[in-house]
Amino acid sequence: MKKSFAIFIIVSLMLGSFLSVHPDKNGRMSCNSYSLEKEILYLLREEQFELLGNEGSVLDSNKIIYDVNNKEYTLSNVIKEGGRIIIRYSELNCNVCIDSLFSCIDNHLNKKEKQQIHILASYHNRNDLLIFKRINNLSYPIYRIDSLGISLENLNEPFIFVLNKDYSISHLFIPHKERPQDTRRYLNIVLSYIETMHL
């Protein structure tokens with residue numbers, strides 16, 4: 001997986017170089033389009049570095065989490081075997097991004113595949129979590145957590161990863177609402193990976 005991230009970074013940098021010297025149809029590069037493209041590429045590059053920096057991190061299996069009824073568990077109480085897809089988000093993240101992610105999952109995965117998903121969310125108010133679950137008709141196990149203790153949370157974007165049996169993180173991914181095809185491809189990859197874990 002790290003090799004594919006490295007390839008993505010190289011391609012992003014090459015694309016950035018191309019965009020920085022590629023003129024418009026009149027032979028001019030407009031200041032606004034150049035600045036926007038540069039900013040997007042910068043953000044993508046920063047995301048990739050953040051993903052690489054967190055890949056392989058090991059979570060504390062005794063981390064306290066709470067279900068929707070405010071019952072306290074540890075991470076190891078809830079996830080006892082590896083190969084679970086974890087969706088991590090905060091109520092402060094982009095709502096449209098989160099809605100888009102769940103819509104993509106609902107439309108792309110079958111019932112059995114959805115059983116691999118757990119949600120770890122940050123909410124100050126338990127009622128807000130209950131409202132979100134009801135409005136979005138979420139059937140996945142969902143738990144409140146303050147923090148995983150990894151730097152990726154500082155990007156303030158929802159992300160997905162696979163939690164392995166030793167509580168290490170792999171296959172980190174940041175979904176973008178503008179590119180649902182990337183999310184679908186990612187889900188296919190991690191479901192294949194999880195399937196090989198349970199053979």
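Me: What makes the span of α4 agree with its 14 residues?
Reply: At 1.5 Å a residue, α4 should span 20 Å, and its end C-alpha atoms are 20 Å apart, so the two agree. The expected span is 1.5 Å times one less than the number of residues. Helices here are DSSP runs of H or I with at least four residues, strands are runs of E with at least two, and both are numbered from the N terminus. By the way, this is a predicted model: local features need pLDDT of at least 70, side-chain atom pairs count only at pLDDT 80 or more, and totals for chains, interfaces and linings use all residues. Residues are numbered from 1 along each chain as its sequence is written, and side-chain values use heavy atoms, leaving out hydrogens and water.

Me: Which residues of α4 are called buried, and why can we say they line one face?
Reply: They're Cys 97, Ile 98, Leu 101, Phe 102, Cys 104 and Ile 105. Down the axis of α4, they fall within an arc of 155°, so they line one face of the helix. The arc is taken from the directions from the helix axis to the C-beta atoms. Buried means under 20% relative accessible area, exposed means over 50%, and partly exposed is in between (1.4 Å probe, protein chains only). On the other side of α4, Asn 95, Val 96 and Asn 107 are exposed. Among the elements covering the buried residues are β3, α6 and α7.

Me: What makes the buried residues of α7 a face?
Reply: Start with the list: Thr 183, Tyr 186, Leu 187, Val 190, Leu 191 and Ile 194. Seen down the axis, they fall within an arc of 135°, so they line one face of α7. Arg 185 and Glu 195 are exposed on the face turned away from that buried side. The buried residues pack against β3, α4, α5, β6 and β7.

Me: Why is one space called a cavity and another a pocket?
Reply: It's about getting out. On a 1 Å grid over the protein atoms alone, a cavity is a set of points where a 1.4 Å probe fits but cannot get out, while a pocket is an open set with protein on both sides within 12 Å along at least five of seven lines. Lining residues have an atom within 4 Å of a point. One cavity of 30 Å³ or more turns up in the whole structure.

Me: How much space lies in the largest cavity, and which element gives the most to its lining?
Reply: About 70 Å³. A volume is the space filled by probe spheres set on the points, with grid points joined across faces, edges and corners. α4 gives the most to the lining, four residues. The lining includes Cys 97, Leu 101 and Cys 104, along with Thr 183.

Me: What is the volume of the second largest pocket?
Reply: It comes to about 320 Å³. Of its 19 lining residues, the closest to the centre are Arg 88, Ser 90, Ser 122, Ile 145 and Asp 146. β3 gives the largest share of the lining, three residues.

Conventions
Contact = heavy atoms within 4.5 Å.
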